[in-house]
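Thanks for coming. I have one structure to go through today, so please look at the screen.

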Amino acid sequence: DPRQLVADAHRTPVAAAAVWSVGHGRPGLIEPLAVRRGQQGKGFGRAMTLACASVLRDLGASSAAVCAEASNPAAVATYASAGFTAAPEVPDLRRHA
């Protein structure tokens, strides 16, 4: 059950995110989340993360997960500021078509 959220400031979109729920009592996912350049560092990412977590809670999710690369300290800091804690890193896997 995907949902999309958009945050605006003065009628200008500043952040967007999607939440994914697979049902009551199951973990939900916040992915992707983006904040417009020039608006980063103003709290919009944290506010959007908290809003997404609230939507997942309303949908009955047992928890919320995010995916952030350790090489992206801004994303890691944003999610940490919203109460997320780091889990062990998982390698990205890919396959050629």
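What percentage of the 97 residues in the protein chain do buried residues make up? The figure is 23%, where buried means under 20% relative accessible area, exposed over 50% and partly exposed in between, with a 1.4 Å probe and protein chains only.

Before going on, the ground rules. This is a predicted model, where local features need pLDDT of at least 70, side-chain atom pairs count only at pLDDT 80 or more, and totals for chains, interfaces and linings use all residues. Residues are numbered from 1 along each chain as its sequence is written, and side-chain values use heavy atoms, with hydrogens and water left out.

Now the overall layout. The protein chain has two helices and four strands, in the order β-β-β-α-β-α from the N terminus. These are DSSP runs, numbered from the N terminus: helices are H or I with at least four residues, strands are E with at least two. The C-alpha atoms fill a box of roughly 40 × 30 × 30 Å along the principal axes.

On contacts, meaning heavy atoms within 4.5 Å: among those in the protein chain with a separation of 6 or more, 50% are between residues 24 or more positions apart.

Pro13 lies in strand β2, residues 12–21, and counts as partly exposed because its relative accessibility is 45%. Leaving aside residues up to four places away in sequence, Pro13 touches Val6, Ala7, Asp8 and Arg36. Val35 is 22 residues from Pro13 in sequence, and their C-alpha atoms are 8.9 Å apart.
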